[in-house]
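This report covers helix packing, the ligand shell and some backbone geometry. Please have the sequence and the coordinates open while reading.

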Amino acid sequence: MTSVTLSYFDFSGGRGEECRLALHLGGVEFNDDRIDFNDWPGKKPMMPYGAVPVLKIEGKPDLAQSNAILGLIGSQHDLLPDDAYDAALHVAILNYVEELTMRIGETFQMDEEEKKEARTKLIEGFMKEWVSNIDDKIEGPYVAGNKISVADIKLFVLVSWVKQDNLDYIPSNFFDANSKLMSLYKAVETHPKVVDWYK
Ligand SMILES: N[C@@H](CCC(=O)N[C@@H](CS)C(=O)NCC(=O)O)C(=O)O
């Protein structure tokens, strides 16, 4: 059997968790390579773009960029629509989640005052617009109706991040009022393979 390894930091979240969940839901057996933060400086130069997640498939060049990894898993393991145009609509959602992740990410290096101002502006502006745009795209409970996809997985991990209440000035219940996104979150959370992953 071809060996598959997913490298990411040793925590249950972020871009790596999206890929782990997708591999698990896709029924792919993989080595779950969890990098200790202390070992990262030595490993960073070995990654294609100096960051993780990275998917290593025996005999192929290493694949970086979470959305490229999700796209590959999605198309090979029935977690993206077969139709190329419908699949592209899902990839647009993956990229839109990245856009929000990047905007939140930019605030991490800020001092407290600057962070408060930036995150308040984010929840009142971009995040409001973001959640309304996303809600529009969800057929329910998943993006494509009854069939789970990598877009649902990426949205689930993002909502989980906000719900953990670790992001000062971004309320953990920010997404709660959005019925479609919350139904999607609950559908992914209770999906048998997701339950199995967190067991
Ligand atoms: N656009 C990339 C971003 C990758 C990224 O920034 N990964 C972070 C962890 S989520 C990382 O490796 N940080 C450590 C570093 O850049 O040194 C993706 O979607 O995979």
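R15 counts as buried because 22 other C-beta atoms lie within 10 Å; a residue is buried at 20 or more other C-beta atoms within 10 Å of its own, exposed at 12 or fewer, and partly exposed in between, with C-beta atoms placed from the backbone. The model is a predicted one, in which local features need pLDDT of at least 70 and side-chain atom pairs count only at pLDDT 80 or more, while totals for chains, interfaces and linings use all residues. Residues are numbered from 1 along each chain as its sequence is written.

R15 is part of helix α1. Helices (H or I, at least four residues) and strands (E, at least two) are DSSP runs, numbered from the N terminus. When neighbours within four places in sequence are left aside, R15 is in contact with P53 and S66; contact here requires C-beta atoms, placed from the backbone, within 7 Å.

Helix α3 spans residues 66–76, and S66, I69, L70, G71, I73 and G74 are its buried residues. Their cover includes the helices α1 (14–25), α4 (84–106) and α7 (150–163), together with the strands β3 (54–57) and β4 (63–64).

Two helix pairs are described by their axes, which are lines fitted to C-alpha atoms, for helices over the stretch in contact; angles run from 0 to 180 degrees between N-to-C directions. The axes of α1 and α3 come within 10 Å and cross at roughly 5°. The two helices α1 and α3 are therefore roughly parallel, a label for angles under 35 degrees, with over 145 counted as roughly antiparallel, 65 to 115 as roughly perpendicular and the rest as oblique. On the α1 side the contact has R15, E18, C19, A22 and L23, and on the α3 side S66, I69, L70, I73 and G74. By class, the residues of this contact between α1 and α3 are six nonpolar, two polar and two charged. Ala, Val, Leu, Ile, Met, Phe, Trp, Tyr, Cys and Pro count as nonpolar, Asp, Glu, Lys and Arg as charged, and the others, Gly among them, as polar.

**Helices α4 and α7**

For α4 and α7, the axes come within 8 Å and cross at roughly 15°. That angle makes α4 roughly parallel to α7. H90, I93, L94, V97, L100 and T101 of α4 meet V150, A151, K154, L155 and L158 of α7. The contact of α4 with α7 holds eight nonpolar residues, two polar and one charged.

L79, in the loop between α3 and α4, is buried because 23 other C-beta atoms lie within 10 Å. Neighbours within four places in sequence aside, the contacts of L79 are A22, L25, G26, I73, G74, I148, S149 and V150. L79 and I153 are 74 residues apart along the chain, and their C-alpha atoms are separated by 9.5 Å.

**The ligand shell**

Around the ligand are G14, R15, K44, G50, A51, V52, P53, Q65, S66, N67 and E98; the criterion is a C-beta atom, placed from the backbone, within 6 Å of the molecule. Helices α1 and α3 each supply at least two residues of this shell. Its classes are three nonpolar, five polar and three charged residues.

**Backbone geometry**

Most residues other than glycine have a negative phi, and most peptide bonds are trans. The table lists departures from this.

| Site | Feature | Value |
|---|---|---|
| V52 to P53 | cis peptide bond | omega about 15° |
| G140 to P141 | cis peptide bond | omega near -10° |
| D78 | positive phi | phi near 60° |
| D165 | positive phi | phi about 65° |

P53 sits in the loop between α2 (40–43) and β3, and P141 in the loop between α6 (126–137) and α7. D78 belongs to the loop between α3 and α4, and counts as partly exposed because it has 15 C-beta neighbours inside 10 Å. D165 lies in the loop between α7 and α8 (179–189). With 11 C-beta neighbours inside 10 Å, D165 counts as exposed.

Key:
Contact = placed C-beta atoms within 7 Å.
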